[in-house]
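Please look over the chain shown here before reading on. The paragraphs below walk through some of its helices, loops and backbone details.

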Amino acid sequence: MEPISHFFYSHRLKLQFWDWGTEGKPTMILVHGGLDHARNWDWVARALRDDFHVYAIDLRGHGNSQHAPGALYTLAEHVLDLSALADVINDYPIYIIGHSLGGIVSLIYTGTFPEKVKKLVAIEGLGPPPNHHIHAPASKRMRRWVEGIRKTEKREPHSYPNLDAAVSRMKEANPHLSDDVARHLTLHGTNWNSDGSLTWKFDNFARGFPPYGTNIEDARQIFGQITCPVLLFWGMESWAADPSTDGRANVIQNHQLIKVANAGHWVHHDQLELFLEETKKFLLAA
């Protein structure tokens, strides 16, 4: 069975989500990472829909969702959109799985509305490490953001002459991907231009790190409000820092961390079977 496409409105934006079924099962929402799309979850959704009613959201500016006027892509807006979808579904408490940006959004949502989440899985979702420029002094953050947006305004979206070229770029970003997975992700992540070339669906303005909203102390305070069980994944070949090193994970009251060998940032692609085994064990435990 293929998922059914639906749209909902949040913050005056028309956003897409995919409904994988199954009616009568507890609600599960899948939240993808930055510059990605909801169909990256297809393998996970198929494996979980026997036990959950699975939905996958296209975040604003990603997939088939509307781009935000003025490029409003802070964590606050993404959390707002997740909240809107959860209210549309209206089957609390829900289960959530988030990756990267989607993991951060899911953790913040859960810390803000702890009574609405039953269990949460976050793949590399604690945000940029402490040495990232987003944690620089405020004046430097603001200057870097303004200059970055000004450069983006002059930048044309990159195009690829054919599908194979776009697939090659996908595999360059994650060498662990098989040819079939890379092709699937590329087909669902690109649009065709009139000359037969392809461009990515995501909004280039979603690339930037806004100068506010990712403060580590704020994150620790919000994460400390999470009351449900949380499962964290970290790929040992990832550029992201070990979640146990900077203290943000430690404030989550009831969490466990799985460090995955032979996996980078996309643990659910790089080690799918292990990810599904551990996730199902966690989600279905009493």
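Helices (H or I, at least four residues) and strands (E, at least two) are DSSP runs, numbered from the N terminus. The model is a predicted one, in which local features need pLDDT of at least 70 and side-chain atom pairs count only at pLDDT 80 or more, while totals for chains, interfaces and linings use all residues. Residues are numbered from 1 along each chain as its sequence is written, and side-chain values use heavy atoms, with hydrogens and water left out.

Most residues other than glycine have a negative phi, and most peptide bonds are trans. A cis peptide bond, with omega about 25°, joins Gly21 and Thr22, and Thr22 sits in the loop between β2 (13-21) and β3 (27-31). Another cis peptide bond, with omega about -5°, links Tyr92 to Pro93, and Pro93 belongs to the loop between α2 and β5 (94-99). Leu35, although it is not a glycine, has a positive phi of about 60°; Leu35 is placed in the loop between β3 and α1 (42-48). In Asn262, which is likewise a residue other than glycine, phi is positive and near 55°, and Asn262 lies in the loop between β11 (255-260) and α8.

Leu35 counts as partly exposed because its relative accessibility is 33%, and Asn262 is partly exposed with a relative accessible area of 48%.

Helix α5 (residues 163-173) shows how burial can be arranged around a helix. Which of its residues are buried? They are Leu163, Ala166, Val167 and Met170. Seen down the axis of α5, these buried residues fall within an arc of 100°, the arc being that of the directions from the helix axis to the C-beta atoms, so they line one face of the helix. An α-helix has 3.6 residues a turn, so residues three or four places apart point the same way. On the other side of α5, Asp164 and Glu172 are exposed. With contact taken as heavy atoms within 4.5 Å, the buried residues of α5 pack against β7 (159-160), α6 (179-189), β8 (190-192) and β9 (198-200).

In the loop between β8 and β9 lies Ser197, which is buried, with a relative accessible area of 6%. Not counting residues up to four places away in sequence, Ser197 touches Ser159, Tyr160, Pro161, Asn191 and Trp192.

Turning to a pair of helices, the axes of α2 (residues 75-89) and α3 (residues 101-112) come within 9 Å and cross at roughly 70°, where axes are lines fitted to C-alpha atoms, for helices over the stretch in contact, and angles run from 0 to 180 degrees between N-to-C directions. Residues of α2 that meet α3 include Leu75, Val79 and Leu82, and among their partners in α3 are Leu101, Ile104 and Ile108.

Finally, Val267 is located in helix α8 (residues 267-270) and is buried, with a relative accessible area of 0%. Leaving aside residues up to four places away in sequence, Val267 touches Ile123, Phe233, Trp234, Gly235, Val260, Leu272 and Phe275.

Terms used:
Buried < 20%, exposed > 50% of the residue type's maximum accessible area, 1.4 Å probe, protein only.
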